[in-house]
Amino acid sequence: MKKGMLELLALFFAGSFAIVPLAGAQHGHGGGEKDKALKMDTREILVDGIKITFMVMANDEHKKMLKDMKMKEVIESGTTHNVTLTLKNPHGKDITDAQVHMKVIDPQGKDQIKPMKYEDMMKIYNAYFNLGEKGKYQILVLVKIGDQKKTAGIYYQL
């Protein structure tokens, strides 16, 4: 990884940006909407014209969805949930070439940090996390598109 990206990640994960204004920018679904068919929590945020859609799904539901779609994926051991993102530019076109890193902070303040992998077939960025206890989680992302950097986040209640 290049030195500049490492420095950027260090700043991001040290908490050098404010999540509160970004969490307040949630729209479209109010506090979040459970997709009844998939049992998935979906939130949308608009950041500088980029629409970021967060989707959180328990691994059991994710396995069912993958099976129904006749897709195979190894679910990361030690995790309980799949978190995906979609990114769309101001014209509604998918952004497929971003570098995305996610940080999930659990109700006790412990964090998990992972790069998100792009899945071309589904046009999503994807990672697995352990959301093992009930409570309020903070889900933060750092998105790098070319030389532009965007940060966003949501709160997720389990």
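Modeller: Let us begin with pairing: two strands pair if DSSP finds at least two bridges between them. Helices (H or I, at least four residues) and strands (E, at least two) are DSSP runs, numbered from the N terminus. This is a predicted model, in which local features need pLDDT of at least 70 and side-chain atom pairs count only at pLDDT 80 or more, while totals for chains, interfaces and linings use all residues. Residues are numbered from 1 along each chain as its sequence is written, and side-chain values use heavy atoms, with hydrogens and water left out.

Colleague: How many bridges join β6 to β10?

Modeller: Strands of a sheet pair through backbone hydrogen bonds, either parallel or antiparallel. Here β6 and β10 run antiparallel and are joined by seven bridges; within this pairing, Val104 has Ile139 of β10 as its bridge partner. On the β7 side, β6 is again in an antiparallel pairing, with five bridges, and Met102 stands opposite Lys114 in β7.

Colleague: What is the order of the strands in the open sheet?

Modeller: The four strands follow the order β7-β6-β10-β11, and their pairing is antiparallel. Because β7 (111–115) and β11 (148–157) each have a single partner strand, they stand at the edges, and one side of each lacks a neighbour in the sheet. Neighbouring strands are turned by 15° against each other on average, direction ignored; for such angles, axes are lines fitted to C-alpha atoms, for helices over the stretch in contact, and angles run from 0 to 180 degrees between N-to-C directions. The antiparallel pair of β10 (residues 136–145) and β11 has ten bridges, and in it Tyr137 is partnered by Tyr156 of β11.

Colleague: Which residue takes a positive phi in the hairpin of β6 and β7?

Modeller: That residue is Gly109, with phi near 95°, in a hairpin that has five residues between the strands. Positive values also occur in residues other than glycine: Asp48 has phi near 50°, and Lys123 has phi near 60°. Asp48 belongs to the loop between β3 and β4, whereas Lys123 is in the loop between β8 (117–119) and β9.

Colleague: Is Asp48 buried or exposed?

Modeller: Buried means under 20% relative accessible area, exposed over 50%, and partly exposed in between (1.4 Å probe, protein chains only). Asp48 is exposed at 63% relative accessibility, while Lys123, at 35%, is partly exposed. In strand β5 one finds Asn82, which is buried with a relative accessible area of 2%. With contact taken as heavy atoms within 4.5 Å, and neighbours within four places in sequence left aside, the contacts of Asn82 include Met55, His62, Asn126 and Tyr128. As for a whole strand, six of the seven residues of β6 are buried, so β6 is largely enclosed by the rest of the structure.

Colleague: Which residues touch the most other members of the largest nonpolar core?

Modeller: A nonpolar core is a set of buried Ala, Val, Leu, Ile, Met, Phe, Trp, Tyr and Cys residues joined through side-chain atoms within 4.5 Å. The largest one has 27 residues, and Phe54, Leu85 and Met102 touch the most other members. Elements giving two or more residues to this core include β4 (50–58), β5 (81–88), β6 (99–105) and β9 (124–129); β10 gives the most, with five residues. Beyond its neighbours within four places in sequence, Leu85 is in contact with Phe54, Met102, Tyr125 and Val141, among others. Another core, of eight residues, lies apart and has Met40, Met57, Leu66 and Ile75 among its members.

Colleague: How many aromatic pairs does the structure hold?

Modeller: A pair of aromatic rings is described by the distance of the centres and the angle of the planes. Rings of Phe, Tyr and Trp (its six-membered ring) pair if their centres lie within 6.5 Å; planes under 30 degrees apart count as stacked, over 60 as edge-to-face and the rest as tilted. The structure holds one aromatic pair: Tyr118 and Tyr125 are tilted, at 4.8 Å centre to centre and 55° between the planes. Tyr118 is partly exposed at 21% relative accessibility, whereas Tyr125 is buried at 1%.
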